[in-house]
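Subject: Structure for you to look at

Hello,

Here is the structure I said I would pass on, with the sequence. Please have it open while you read the notes below it.

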Amino acid sequence: MLSITVTALVFGVVFLAELPDKTALAGLVLGTRYRASYVFAGVAAAFLLHVVLAVAAGSVLTLLPQRIVHAITGVLFLGGAAVLLLKKGEDEEEIRKPADQSFWKVAGTGFTLILVAEFGDLTQIMTANLAARYDDALSVGLGAVLALWAVAGLGIVGGKALMRRVPLRLITKIAAALMLALGAWSLWEAAAG
């Protein structure tokens, strides 16, 4: 059964963590060079595949005892917060322009770029953690994929304006604070359980 609360929580955490990521910048660059709908189709398909893989990995973790799951997810959330706080600004990815701008070429470029760039990325690991934490694959998957699609859409269509108004440092600090809170809560549950 779908939980709106879990979906909203996952959406918020993944959205904030993905905003300062290199893939938002890659989407912005692709969106300035190619038809936005073609870029979004490829990017959205790649993100959907990543979320399915992450939720499946997180669901496997739910087979472990709850205490161990809480301890693992707590440590991984704290590690994710550290990564967000310690990483330096990322440069724009170099994106090769396809020979033509047909739907399949442009969507394929977006799909391939995101598929490679996001594999094992922080938000994919976070999605797996959240799937293990809440044992609700549908709610976690829906929240994560909607968040990733929203960031991709913002990056493709309006990324420049957003980044001028909201500093990436602030977005990164908010995402890190949420991850620290989730990590501390999970570790407290592991210790108390």
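Of the 34 residues in the largest nonpolar core, the ones that touch the most other members are Val10, Val14, Val39, Leu130 and Val140. A nonpolar core here is a set of buried Ala, Val, Leu, Ile, Met, Phe, Trp, Tyr and Cys residues joined through side-chain atoms within 4.5 Å. Buried means under 20% relative accessible area, exposed means over 50%, and partly exposed is in between, with a 1.4 Å probe and protein chains only. At least two residues of this core come from each of helix 1, helix 2 (22–33), helix 3 (36–61), helix 5 (103–118), helix 6 (122–134) and helix 7 (137–165). Helix 7 gives the most, with 8 residues. In soluble globular proteins, nonpolar side chains tend to be buried together.

The model is a predicted one: local features need pLDDT of at least 70, side-chain atom pairs count only at pLDDT 80 or more, and totals for chains, interfaces and linings use all residues. Residues are numbered from 1 along each chain as its sequence is written, and side-chain values use heavy atoms, with hydrogens and water left out.

Overall layout

The protein has 8 helices and 0 strands, and from the N terminus on its elements run α-α-α-α-α-α-α-α. Helices (H or I, at least four residues) and strands (E, at least two) are DSSP runs, numbered from the N terminus. Of the 193 residues in the protein, 46% are buried. Contact means heavy atoms within 4.5 Å. Among contacts with a separation of 6 or more, 92% are between residues 24 or more positions apart.

Helix 3

Helix 3 has 26 residues and reaches 37 Å from its first C-alpha to its last, close to the 38 Å expected at 1.5 Å a residue. The expected span is 1.5 Å times one less than the number of residues. Its buried residues include Tyr38, Val39, Phe47 and His50. Leaving out residues up to four places away in sequence, Val39 touches Leu30, Gly31, Tyr34, Val106 and Ile156. Val60 is also in helix 3, but Val60 counts as exposed because its relative accessible area is 54%. Val60 and Ala131 are 71 residues apart in sequence and 9.1 Å apart in space, C-alpha to C-alpha.

Helix 6

How many of the 13 residues of helix 6 are buried? The count is 11, so helix 6 is largely enclosed by the rest of the structure. Helix 6 reaches 18 Å from its first C-alpha to its last, close to the 18 Å expected at 1.5 Å a residue.

Two polar residues of this helix are worth a look. Gln124 lies in helix 6 and is buried, with a relative accessible area of 12%. The side chains of Gln124 and His50 are joined by a polar contact of 3.0 Å. A polar contact is a pair of N or O atoms within 3.5 Å; within protein, one must be able to donate a hydrogen and the other to accept it, and residues adjacent in sequence count only if both atoms are side-chain atoms. Thr123, also in helix 6, is buried at 3% relative accessible area. A polar contact of 2.9 Å joins the side chains of Thr123 and Glu18.

Asp135 is in the loop between helix 6 and helix 7. Its phi is near 50 degrees, a positive value in a residue other than glycine. Asp135 is exposed, with a relative accessible area of 56%.

Aromatic rings

A search of the whole structure finds 4 aromatic pairs. Phe11 and Phe15 form a stacked pair, 5.6 Å centre to centre with 15 degrees between the planes. Rings of Phe, Tyr and Trp (its six-membered ring) pair if their centres lie within 6.5 Å; planes under 30 degrees apart count as stacked, over 60 as edge-to-face and the rest as tilted. Both Phe11 and Phe15 lie in helix 1 (residues 4–18), 4 residues apart, about one turn of the helix. Phe11 is partly exposed at 30% relative accessibility, whereas Phe15 is buried at 17%. Tyr38, Phe103 and Trp104 form one aromatic cluster.

Regards
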